[in-house]
Amino acid sequence: MRPAEDIRKLIKNLNDTTSAQMDERVRKNMLQALAESEKTSARTQPRIGRIIMKNPITKLAAVAMVITAVVLIGINQFGGSSAAYAITDMPELLGQAKTIHVKGWTSALKVPVKEEEHLERHQVEDWYDMENGRCRTTGFAMIVMMPDEKRLLVKAETVFDGYYEMQINHSNKSVTFYKLTEFMRSLYIRRTLDRSLEAISLTPEEIADFEKVGQDQLEGMEFDVWEKKTSYEQGGKEEKFVYWMSTILGKIARFRSWEREQKAEGEWRLTSERELKLNVVPPEGVFETVPPPEYTLNNTKETASVHRLFTQPFGWRDSVQGEIAIVIALPNGVAIMGWHAEDPASDSAQAERFEYLEIGGTLPKMCVEIAFGLWPTYNDQNVTYVGRHLAETQKDGRFYEWAIFVPNKDVDASRVLRRSKVRIGLHRDNREGVEAEETNDFYVETVVIQEDEFDLFVRGAMAELSDERVAPADVTYDNVINLSGEIRASMEE
Amino acid sequence: MLEDKLLVLKCKHGDKEAMCRLYEKYKDYLLTLAKGLLGEQATAEDVVHDVFVSFAGLAGQFRLKGSLRAYLATCVSNLARDKIRRRTRQAQVTDSMNPVIQRQDNPAQNLIESEELTRLRQALNQIPYEQRETVILHLKGGMKFREIAGLQGVSLSTIHGRYRYGLDKLRSLMNSEVEK
């Protein structure tokens, strides 16, 4: 008897290709239809307009129609209830914009801050070229120097011109360049929408938590007001995020956030404000990686080092070093994580630890173990992940482990998995049954991809972290899906 | 996804290159779906042709909500269902032989394909259309059961049932072919 899995594989193997005659026929008719569509939507209207305006009777009727239309638009915009868009549509609508301009200020810095630092407003301005993935963004970092807790605020700007990234440190007036490999460029461009959403603190995993709390007018236009409150156990803080969104135009015009002490339930303190404009023509040169005059150059484009992946480094006592290089998730929540860890003091034979690994078998025993891999931090925290070995690559003497993490049920990765927690345990004595000496939790950003992006991003990342710049042949979308099915079945058993 | 959005945006502004890029990207995927659903090369080609021509004709007003791939797959599925209905009506009118197994139009294609795949195509044509659509759209089209339920206008449990029955039927048809 042929098992059902065979039938499934056979269907997946169905692959028809179009003939040259068909291609010719479709292209011809399709481009003709496209040209006609453009003609009818763009060219016919002015012609009709000219005919109407030449005739004195129709001219009067046209004026009357314009007045009626203005009144109708007014009713629709200022008092109508025809809600066309909800806040959950925003990621997609922002993704369709040509450019996004975000301008405002922030005072909330993500470390414990003193009262007076809260009151200080720091200007923020971001530009995103959604068509070409270029961007110019502002960032702040508060460095607390121990032991005297002296604080240093660093203001930085990052410009990506599609090929090079220029990091400008405005505090010490210096510039550093990074060059991007072809893979990194694709990844960078792919994350443009994510970055623009992060700039206004609007992430898909949280979007469903917002509720419409009222309406407000901005510059004479009606906007729905959407709100979400979040409380943090650590620090006893409560935050409130509010968006002004036009349901008719489908755009957010303003974002504000507040903060207060949760226990005291005191007054809300405004911590940041952003105004948003879509499809505005950016100022000339805004995406150019030209250093500001009189800034010190730490390097040049010619001497720039290669931009690393979006890594999460970790280390213990100056000896154990490692990093989570990348986490990529498929839409159903199956995730692939590339990472490495070395202990120069005791870890001289890494090759042995990778020698007997099997696809779908246990993860390698290294100086550091993934004690609890992928722990979704939003929405569905009851999902359980199991990690197994998928592949390994070697680059510059390092062994990279590519682990596959499979959830016990399908999850919507874009909502659940974009930010996950990984618990890493220091494991100098890595014999079976020996507990990790200590553990640390790290938050990792996940790149959620579609099936047709598997080769570009999963295999691309593996090739990027390999001396031969080639991904292991076995790592294909179908193999990963089959393997994840087997791993899940073993979890159920 | 982002690439699709950009291509759709360009198509909206009449960009021929973007339109051709979309065609190149999805033509084989859609033809495979159409042929899986209809079983005939020529009709499947017509469906894919009609999907792209009507997409191009409406490009100016098109708004992409969700994935373009799923949208195009849905278009193929809708057109294929129309063709099946028309074919059934035609068959009733002409009182034809009502062949259970549709033959492949292109003998050369048959030679190229493995014998197993040919048998699969024949088996696919023997299972009820709703089951075939569910199996093909899920396994080859990558559509979720929920999306297929929306497309067919039935509940999720019905779709699960159609998928299971479809696969079982295909399995038994192919096993009986082997036993012969």
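The legends below describe close-up views of a predicted model.

**Figure 1. Chain A and its secondary structure.** Chain A of this predicted model contains 12 helices and 22 strands. Of its 493 residues, 46% count as buried. Contacts in chain A between residues at least 6 apart in sequence were also examined, and 60% of them join residues at least 24 apart.

**Figure 2. The interface between chain A and chain B.** On one side of this interface are 43 residues of chain A, which are in contact with 56 residues of chain B. The size of an interface is often given as the accessible area lost when the parts come together. For chain A and chain B, the area buried between them is about 4,700 Å². Carbon and sulfur atoms account for 60% of that area.

**Figure 3. Salt bridges and polar contacts between the chains.** Five salt bridges are counted between chain A and chain B. A salt bridge joins A:Asp16 to B:Arg121, and the closest N and O atoms of this pair are 2.8 Å apart. Between chain A and chain B there are also 12 residue pairs in polar contact, with both residues at pLDDT 80 or more.

**Figure 4. The side of chain A that touches chain B.** The elements of chain A that give two or more residues to this side are α1 (4-13), α2 (20-54), α4 (90-96) and α6 (182-190). The most is given by α2(A), with 12 residues. By residue type, the side of chain A that touches chain B divides into 17 nonpolar, 10 polar and 16 charged residues.

**Figure 5. The aromatic pair A:Phe183 and A:Phe457.** Over all chains, the count comes to 10 aromatic pairs. A pair of aromatic rings is described by the distance of the centres and the angle of the planes. The rings of A:Phe183 and A:Phe457 have centres 6.4 Å apart and planes at 65°; because angles over 60 degrees count as edge-to-face, the pair is edge-to-face. This pair links distant parts of the chain, for A:Phe183 belongs to helix α6 of chain A and A:Phe457 to helix α11 (residues 454-464) of chain A, 274 residues apart. Both A:Phe183 and A:Phe457 are buried.

**Figure 6. A cluster of aromatic rings in chain A.** The view shows A:Phe210, A:Phe241, A:Tyr243 and A:Phe255, which ring pairs link into a cluster.

Notes:
Residues are numbered from 1 along each chain as its sequence is written. Chains are lettered from A and ligands numbered from 1 in the order in which they are written. This is a predicted model: local features need pLDDT of at least 70, side-chain atom pairs count only at pLDDT 80 or more; totals for chains, interfaces and linings use all residues. Side-chain values use heavy atoms; hydrogens and water are left out. Contact means heavy atoms within 4.5 Å. Buried area is the accessible area (1.4 Å probe) that two parts lose on being put together, summed over both. A salt bridge is a side-chain nitrogen of Lys or Arg within 4 Å of a carboxyl oxygen of Asp or Glu. A polar contact is a pair of N or O atoms within 3.5 Å; within protein, one must be able to donate a hydrogen and the other to accept it, and residues adjacent in sequence count only if both atoms are side-chain atoms. Helices (H or I, at least four residues) and strands (E, at least two) are DSSP runs, numbered from the N terminus. Ala, Val, Leu, Ile, Met, Phe, Trp, Tyr, Cys and Pro count as nonpolar, Asp, Glu, Lys and Arg as charged, and the others, Gly among them, as polar. Rings of Phe, Tyr and Trp (its six-membered ring) pair if their centres lie within 6.5 Å; planes under 30 degrees apart count as stacked, over 60 as edge-to-face and the rest as tilted. Buried means under 20% relative accessible area, exposed over 50%, partly exposed in between (1.4 Å probe, protein chains only).
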